[in-house]
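Here is a short walk through the aromatic and charged contacts of one protein model. Keep the viewer open as you read.

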Amino acid sequence: MKAWENNIRKVIPYVPGEQPKKEKMIKLNTNENPYPPAPGVKDVLTSFDTDRLRLYPDPKIEKLTDAIAERYGLNSNQVFVGVGSDDVLAMCFMTFFNSNRPILFPDITYSFYDVWAEEFRIPYKQIPLDRDFTIRLEDYAGENGGIVFPNPNAPTGKLLPLEDVERIIAQNPDVIVIVDEAYIDFGGTSALPLIDKYDNVLVVQTFSKSRSMAGMRIGYAMAQPELIKYLNDVKYSFNSYTLNSLTIEMGTAAILDEAYFKETTQKIIATRERTKEELRALGYRMDDSKSNFLFVTHDTISMEKLFEDLKKEDIYVRHFSKPERIANYLRITIGTDEEMDTLITFLKNYKQS
């Protein structure tokens, strides 16, 4: 080993979902929205003055921050915007998780949490979900350095009722609690009202799922002004210009089109519920997902083998080999009705060799 290698921060990185480059495929592996962004986003692309790109973007991202605040009935100083919710969450980890006590999050959850904890040298403890993949509230009542969890959870899709989310927050008044709501728009009740009741909670959301803008990278946190100020202090110490000018304009157009947002999310919810029925009729088991994906298993079919066989037909889903108790599950993103029909037809005719 070279001497300088002793000074390198080594981490096991997060592994994103596969991004195949094929013209004809059914891509159900990364929880992207199957519908295009709001029409106003395209209008921005066609009318944007490219001369603006020679100038730095607004470091305060005021236009988009104000639009998000108006959408949720908040003041602008209650909103923090970043480059996707991953950037926002990473900033939250750096800003709020700095004690010697471990932060807590589920053992089966978004697999970036332990990566950030390792990278920022934050002590952490992964709390096992119960047998049916539910968060046990009592497990989050002990001494800790902070709490983060998705609601609905990923990759399980299970939703924690709002009263249970509040119980976790209420029993941890001395640490920051982050509720990661990447999938909340597909049937859940947001914890956003709790930010006025508790000064230690942040609600994080994203444009990547329900607003069809995974390729633009826009995420945001909502909290009391004091927490947002702390986040901005860290941001400005790290990178003042996080969102480019075009992204700010496109994000604003998306958040303003509430009708289109409701139309597409309702279409996805309807397709999800129909797909649940179709899969259960074929013997597949799953919990009652409130996200834009299903977490599916079968008593007699190897999910790993099915994953590979689907890929041969250019149908891409997600398989997780770890932890072991989810190794025989597939996470299937909800696509269009036509895409899901193709998947169901394949499964009806599927015989594992």
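This is a predicted model: local features need pLDDT of at least 70, side-chain atom pairs count only at pLDDT 80 or more; totals for chains, interfaces and linings use all residues.

A search of the whole structure finds 18 aromatic pairs. Take F105 and Y113 to begin with. F105 is buried, at a relative accessible area of 1%. Y113 is buried too, at 0%.

A second pair joins F207 and Y220. This one is also edge-to-face: 5.7 Å from centre to centre, with 80° between the planes. F207 lies in the loop between strand 7 (201–206) and strand 8 (219–222), and Y220 belongs to strand 8, so the pair ties together parts 13 residues apart in sequence. F207 and Y220 are both buried.

Now return to F105 and Y113 and widen the view. Both belong to a cluster linked by ring pairs, which also takes in F93, F97, Y110, F112, W116 and Y124.

Charges come next. K267 lies over the face of Y35, 4.0 Å from the ring centre. R331 places its charged end over the ring of F293, at 5.7 Å from the centre.

Last, go to T242. This residue sits in the loop between helix 6 (225–238) and helix 7 (245–256). Is T242 buried or exposed? Its relative accessible area is 15%, so T242 counts as buried, the limit being under 20%. Leaving aside residues up to four places away in sequence, T242 touches I61, V81, V83 and K235.

Technical notes: Residues are numbered from 1 along each chain as its sequence is written. Side-chain values use heavy atoms; hydrogens and water are left out. Helices (H or I, at least four residues) and strands (E, at least two) are DSSP runs, numbered from the N terminus. Buried means under 20% relative accessible area, exposed over 50%, partly exposed in between (1.4 Å probe, protein chains only). Contact means heavy atoms within 4.5 Å. Rings of Phe, Tyr and Trp (its six-membered ring) pair if their centres lie within 6.5 Å; planes under 30 degrees apart count as stacked, over 60 as edge-to-face and the rest as tilted. A charge sits over a ring if NZ of Lys or CZ of Arg is within 6 Å of the ring centre and within 35 degrees of the ring normal.
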